[in-house]
Structures are given as structure tokens and as C-alpha cells.
Amino acid sequence: MSVLITGGLGHVGSWVAYQLAKQGKRIIIADMAAGHFDRLGLDYLEEVRDQLVLESVDVLDYHSMFELMLRHRDDLEGVIHGVSVIAGPHFQQRPFKHISINATGTLNVFEICRILGIDKVVNMSSGAVYGDAPGPQNEATPYKATDLYGATKISAELYGLQYSDTYGMDVRNARLFFVYGPGKRPSHMHKVYQALFGPLEGLDDIQAPNGSEQALDWTHVHDTAAGIVKLFEKDSVVHRNFNISSGVPVDHLQIVEHVADITGKRASVTLGPGPFVVRGTPLDITLAQQELGFTPKFTDIREGIRDYWQWLKANAD
Ligand SMILES: NC(=O)c1ccc[n+]([C@@H]2O[C@H](COP(=O)([O-])OP(=O)(O)OC[C@H]3O[C@@H](n4cnc5c(N)ncnc54)[C@H](O)[C@@H]3O)[C@@H](O)[C@H]2O)c1
């Protein structure tokens with residue numbers, strides 16, 4: 001059987017693809033970037049390349065998405081939906097486009113699954129659905145949007161829950177939080193991400209506009225992907241929404257110190273005042289631990305930083 005992963009060449013989706021492929025599954029990756037796979041630097045996917053089918057498609061192009069999923073339907077055990085424009089200042093610069101990708105793109109996937117009779121869908125959601133509610137936030141914490149991105153993630157979750165209730169589908173929401181690690185370079189990310197992790201890649205003289213007064217539960221991408229895989233593989237679930245995070249908040253200035261200690265080099269890094277994004281922290285991961293058997297490995301961020309550093313050194317430009 002196969003699993004279709006939308007956004008399967010993204011940071012999280014590519015590791016979900018890797019982990020499922022390592023279990024012997026065939027993976028259909030539906031991603032706009034599929035046409036230039038060789039230039040993405042996702043070295044770990046080379047190891048499972050024979051099990052991947054790459055499909056270049058825009059999730060907003062309903063007809064092409066439909067045709068693609070129709071072609072693979074008979075072999076699909078389910079879909080993992082990971083296309084999204086992620087949170088950050090960039091999101092606000094083109095609100096209509098980005099809201100469309102996150103909300104309408106997700107709706108397209110649910111609608112095609114409904115028509116084609118593909119019941120099982122894991123939707124990559126976000127702890128942004130809690131906004132700045134004080135942590136630890138559990139799955140019963142009410143929805144609160146503190147930015148447009150959060151609004152799109154709430155709407156996508158609600159579409160999924162209503163498709164489940166109305167059409168008997170099995171949509172599950174994985175609420176992810178602040179992912180870091182192999183697969184994405186700090187130099188390709190927002191300044192705050194560069195300030196925290198950039199020195200691992202040799203970046204220096206980094207000034208981020210904010211972020212110094214915040215602690216967040218940053219989560220190593222292997223743990224994020226493992227949580228999604230566990231949620232997908234569970235035969236039946238009692239709950240539909242699950243927090244998937246390290247569950248351990250770490251002060252941003254502490255991360256800068258850890259990176260300097262681990263690399264043995266102190267780069268010039270400044271984080272401006274205030275938070276990076278308006279969020280409460282941490283996510284309470286008890287439900288995922290109990291119902292899914294989710295156990296994040298990198299709860300000590302220093303271990304995660306070391307692993308990230310190894311990957312960046314092995315994949316230097
Ligand atoms: N990265 C995080 O810290 C984080 C935190 C919370 C939630 N999430 C959620 O996890 C999911 C995955 O995030 P990520 O960090 O892997 O994102 P990413 O940006 O690394 O990956 C997104 C992928 O989607 C593809 N894509 C974008 N627009 C597309 C379109 N219109 N049609 C087809 N493909 C398109 C891109 O090519 C990319 O490969 C998202 O739903 C995001 O909201 C991420």
C-alpha cells in the first residue's frame with residue numbers, strides 16, 4: 001500500500017516520507033517542488049528514492065490534484081497533508097495567496113478524499129491554534145487566533161472535523177510546534193531561526209528583530225515526523241487532535257548559549273526585544289504520549305542541536 005503526502009518535500013513532510021518509506025511503504029509525494037527534487041538537498045530521501053513517486057502539483061489546482069489522486073486511489077491507505085505556508089512575517093506580505101494555500105488547499109484535499117472514498121487523512125496543524133493562551137495548552141484549550149496563519153490552521157482543522165462528522169471520514173489533526181533540524185538550512189529561514197541555529201552553519205553577525213524574550217518548545221524534526229507517523233498508523237483513535245511537540249520550552253538566549261558551547265565558537269548574534277511570534281508555551285503532549293505512544297527523543301535540546309550540526313557539516317554547500 002501507498003501513502004500520499006502533500007508537501008512531502010517540505011521540512012516535516014520529507015522526514016515523514018523517509019520514516020514511512022523505511023518501513024517499506026511506497027510514498028506518493030505531491031509537492032510543487034517535485035520538478036527540482038535534485039536541487040533540494042534532501043540527502044536522506046536518496047536512501048529511499050526507489051520507494052518514492054514524485055508528483056509536481058499545486059494544491060490549489062483542484063483538477064490536477066483530483067486527477068493525481070484518482071490515479072493513485074486504489075493503492076492508497078491514506079493521505080498526510082503537509083502543504084502550508086508557515087507562520088512568520090512573510091505570511092502577512094501576501095495574505096490572500098497564503099490564506100488560500102492553507103485553507104482552500106486543505107479543503108481541496110478533504111473534498112477530493114471525500115469524493116474518491118479515501119477516508120484516512122492526517123492534517124499537519126499547529127500549536128498556533130491556541131494563539132497566546134498560557135501553557136501548558138492541552139487539546140481542550142479553546143481555539144484562539146493571534147495571527148492570520150493561526151486563523152488558517154483553525155479553519156483547516158474545523159473543515160477536517162466537520163468532514164469527519166458529516167461524511168464519516170477519519171481526519172486527524174497533528175498540532176506541531178517550532179520545528180528545527182536536518183533538512184532545512186538556517187540560512188534559508190527567518191532571522192530569528194538564523195540567530196538561534198545559524199552559527200551551526202557558520203553564519204555570523206546575525207541581527208534578529210525580536211525573539212529575546214521568549215521560550216518555546218522547539219522540536220527536532222525527527223520527533224515531529226515520528227509523532228505524525230504514529231498518528232497515521234494508529235488503527236483507530238479516540239481523539240482527533242493531538243499536540244506533537246518536545247513539550248519542553250527553552251529560552252531563546254539559552255539556545256544561543258548552547259549553540260556557542262557545542263560549536264566551541266561564539267558568533268555575533270543579537271535578538272531584539274519581545275517575542276518572535278505571539279504564542280503560549282509549552283504544548284502539553286500527554287494525550288499523544290498516552291493514546292499514540294509518542295515519545296520525543298530530543299527532549300534535551302542540546303542533543304537535537306548536536307544532531308542538526310552534524311547534518312549541516314555533512315551537507316555543507
Ligand atoms: N515548521 C514548523 O515549525 C511548523 C510548526 C507548526 C506547524 N507546522 C505545519 O507543518 C506543516 C509542514 O511544515 P513545513 O515546515 O514542513 O513546511 P515547508 O515550507 O518546509 O514545506 C511545505 C511544502 O509544501 C510545498 N508547497 C507549498 N505550496 C504548495 C502548493 N500550493 N502546492 C503544492 N505544494 C506546495 C512546498 O514546496 C514545500 O515542500 C505545515 O502545515 C505547517 O503549517 C510547521
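Where is P136 found?

What we have here is a predicted model, in which local features need pLDDT of at least 70, side-chain atom pairs count only at pLDDT 80 or more, and totals for chains, interfaces and linings use all residues. Residues are numbered from 1 along each chain as its sequence is written, and side-chain values use heavy atoms, with hydrogens and water left out.

Back to the opening question. P136 sits in the loop between strand 5 and helix 6. Helices (H or I, at least four residues) and strands (E, at least two) are DSSP runs, numbered from the N terminus. The peptide bond leading from G135 into P136 is cis, with omega near -5 degrees. P282 belongs to the loop between strand 13 (269-271) and helix 10 (286-292).

Why point these out? Most residues other than glycine have a negative phi, and most peptide bonds are trans. On the phi side, look at F178, where phi is near 30 degrees, a positive value in a residue other than glycine. F178 is in the loop between strand 6 (170-176) and strand 7 (179-180). D205 also has a positive phi, near 55 degrees, and you can find D205 in the loop between helix 7 (191-197) and strand 8 (206-208).

Now for the ligand. Which residues come nearest to it? There are 25 residues around the ligand, and V12, D31, V59, Y149 and K153 come nearest. Being near here means that one of a residue's heavy atoms lies within 4 Å of the molecule or strand in question. By type, the shell divides into 14 nonpolar, seven polar and four charged residues.

Helix 1 (11-22), strand 5 (120-126) and helix 6 (148-167) each supply at least two shell residues. Strand 5 gives the most, with three.

Let's go down to single atoms. A nitrogen atom of the ligand lies 3.2 Å from a backbone N or O atom of M32. An oxygen atom of the ligand is 3.3 Å from an N or O atom in the side chain of S84. For M124, a backbone N or O atom lies 3.1 Å from a ligand oxygen. On its own, the ligand has 830 Å² of accessible area, and the protein covers 87% of that. Accessible areas come from the Shrake-Rupley method with a 1.4 Å probe, and for residues only the protein chains shown count as cover.

Next, a residue of strand 5: S126. Is S126 buried or exposed? S126 counts as buried because its relative accessible area is 7%. The cut-offs, using a 1.4 Å probe and protein chains only, are under 20% relative accessible area for buried, over 50% for exposed, and partly exposed in between. The side chain of S126 reaches the backbone nitrogen of A128 at 2.8 Å. Leaving aside neighbours within four places in sequence, S126 is in contact (heavy atoms within 4.5 Å) with Y149, K153, A174, R175 and L176.

S14, over in helix 1, is buried too, because its relative accessibility is 0%. Its side chain makes a polar contact with the side chain of Y44, at 2.9 Å. A polar contact is a pair of N or O atoms within 3.5 Å; within protein, one must be able to donate a hydrogen and the other to accept it, and residues adjacent in sequence count only if both atoms are side-chain atoms.

Last stop: R279, in the loop between strand 13 and helix 10. R279 counts as buried, because its relative accessibility is 10%. What does its side chain pair with? The side chain of R279 makes polar contacts with the side chains of T146, at 3.5 Å, and D147, at 3.2 Å.

Notes
Ala, Val, Leu, Ile, Met, Phe, Trp, Tyr, Cys and Pro count as nonpolar, Asp, Glu, Lys and Arg as charged, and the others, Gly among them, as polar.
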